[in-house]
Amino acid sequence: MFKVNHTVALLKDLPEKKLCRGDVGTVVLVLSDSKAEVEFIDKKGRTSALAVLDNNDLIVLRLESVSA
């Protein structure tokens, strides 16, 4: 399950939103156990897309390494 402010990457192309697999966004709203609203920004810091996505289409990116 995702939390607000998680940094996530998209696992599939979404041509209708002009998003590609690997695009990075931020969870801005958790809608349910299976859906979240994610904001994607461009290089200038402007919102390029805001999308409601299934959690299965996202992966959380970690900023620290995972210890064994």
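The questions and answers below concern a predicted model. Local features need pLDDT of at least 70 and side-chain atom pairs count only at pLDDT 80 or more, while totals for chains, interfaces and linings use all residues. Residues are numbered from 1 along each chain as its sequence is written, and side-chain values use heavy atoms, without hydrogens and water.

Reader: Which residue in strand 4 is the bridge partner of A36?

Author: Strand 3 (residues 35-41) and strand 4 (residues 47-54) run antiparallel and are joined by seven bridges. Strands are DSSP runs of E, at least two residues, numbered from the N terminus, and two of them pair if DSSP finds at least two bridges between them. Within strand 4, A36 has as its bridge partner L53.

Reader: Which residues touch the most other members of the largest nonpolar core?

Author: A nonpolar core is a set of buried Ala, Val, Leu, Ile, Met, Phe, Trp, Tyr and Cys residues joined through side-chain atoms within 4.5 Å. Contact means heavy atoms within 4.5 Å, and L53 touches, among others, L10, L14 and L58. In this core of 13 residues, the most other members are touched by V38, L53 and L58.

Reader: Is D57 buried or exposed?

Author: D57 lies in the loop between strand 4 and strand 5 (58-60). Beyond its neighbours within four places in sequence, D57 contacts A9, L10, L11 and K12. Buried means under 20% relative accessible area, exposed over 50%, partly exposed in between (1.4 Å probe, protein chains only). D57 has 15% relative accessibility, so it counts as buried.

Conventions:
Helix = DSSP H or I, 4+ residues; strand = E, 2+ residues; numbered from the N terminus.
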